[in-house]
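Here is a short report on one protein model. It covers domain packing and charged pairs.

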Amino acid sequence: MALRTTVAGISSPEALAEALQAAMYLADDGIATAGYLSLALGKPLLLEGAPGVGKTEAAKALAGILGRQLIRLQCFEGIDASAALYEWNYPRQMLAIRQAREGETLDIYRDDFLIERPMLTALRRPDSTVLLIDEIDRSDHEFEAFLLEFLSDFSISIPERGTLRAAERPVVVLTSNRTRELHEALRRRCVYHYIAYPEPEREAQIIMLRSSAVAEGTARAVVHAVGLLRREPLAKPPGVAEAVDWAEAATALAQTGAPWPEAFRRSLGTAIKDEEDLAHLRPRLPLIIPGLAA
């Protein structure tokens with residue numbers, strides 16, 4: 001396999017990190033290196049981590065800097081090839097058969113009867129798309145096995161058409177929330193990176209990068225609070241996206257005249273989105289939001 005030394009001007013992990021930052025995604029050295037190696041080696045990028053740490057956003061930012069369309073395949077329990085790859089337009093095939101003249105040769109497996117799904121689209125247009133296979137851990141083992149042929153050779157088998165291969169290796173990003181272990185064969189085909197919650201300083205930078213209306217003091221206060229929230233036994237701890245939303249919401253309330261502790265408390269629903277979590281936190285809020293008790 002030939003090494004691609006540059007893809008869309010991305011010649012190093014540092015160059016990728018700079019391009020991602022320009023696309024409003026603050027990448028550390030780990031994800032920048034994994035992303036660059038995925039592009040250079042032509043291998044899928046597997047991103048694991050807790051919900052809300054920026055896995056899907058990384059794929060969106062990558063598509064943006066490459067100038068490509070993001071094709072998203074959202075995985076779910078029971079997903080199969082027809083949802084991920086293709087299916088035949090049976091009503092249109094039957095209509096064509098009924099309308100065909102006697103003796104006419106009719107190919108009901110030509111392209112205009114074929115309904116493309118995300119994987120086939122990426123295979124046919126590898127130079128203009130980024131394929132995101134989101135939350136692969138929500139699918140079952142059978143679907144993982146189905147993916148192996150695609151991720152190994154970037155080819156698929158259509159019984160009526162034969163084997164289709166990509167003209168070049170497409171850019172593919174897989175994400176997993178680690179709700180179950182992925183098969184080793186799938187991991188071997190990918191460049192792997194685990195995205196942890198960012199350090200407080202970096203998370204504050206992310207908040208200010210994503211929202212210019214949020215002051216540095218507000219960003220740091222939110223980062224301190226979400227750090228405490230993530231230590232609580234919550235069903236749905238806040239991710240980075242929720243931290244950004246909370247900072248923006250508190251800022252909006254403060255601009256209406258609400259005192260800062262109250263602005264944080266009243267906008268908590270942008271960070272915590274589960275009633276049992278909110279009930280658990282209500283008596284503990286004075287410990288989490290500075291100044292609330294006063």
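The sections below take the basis, the domains and then the salt bridges.

## Basis

This is a predicted model: local features need pLDDT of at least 70, side-chain atom pairs count only at pLDDT 80 or more, and totals for chains, interfaces and linings use all residues. Residues are numbered from 1 along each chain as its sequence is written, and side-chain values use heavy atoms, without hydrogens and water.

## Domain interface

An automatic or database assignment sets the domain bounds. Domain 1 spans 13–82 + 119–195, and domain 2 spans 200–288. Their C-alpha centres are 31 Å apart. The area buried between them is about 720 Å² (accessible area, 1.4 Å probe, that two parts lose on being put together, summed over both). Carbon and sulfur atoms give 58% of that area. Met-24, Leu-26 and Gly-52 supply 68% of what domain 1 buries against domain 2.

One salt bridge crosses the interface (a side-chain nitrogen of Lys or Arg within 4 Å of a carboxyl oxygen of Asp or Glu). Glu-57 and Arg-210 form a salt bridge at 3.7 Å, N to O.

## Salt bridges

The structure holds 22 salt bridges. Glu-232 pairs with Arg-284, with the closest N and O atoms 2.8 Å apart. The two residues lie 52 residues apart, both in loops. Glu-232 is buried at 14% relative accessibility, while Arg-284 is partly exposed at 32% (buried is under 20% relative accessible area, exposed over 50%, partly exposed in between; 1.4 Å probe, protein chains only).

Arg-124 and Glu-116 also pair, at 2.8 Å between the closest N and O atoms. Shared partners join Asp-111, Glu-116, Arg-124, Arg-125 and Arg-161 into one network.

Notes: Helices (H or I, at least four residues) and strands (E, at least two) are DSSP runs, numbered from the N terminus.
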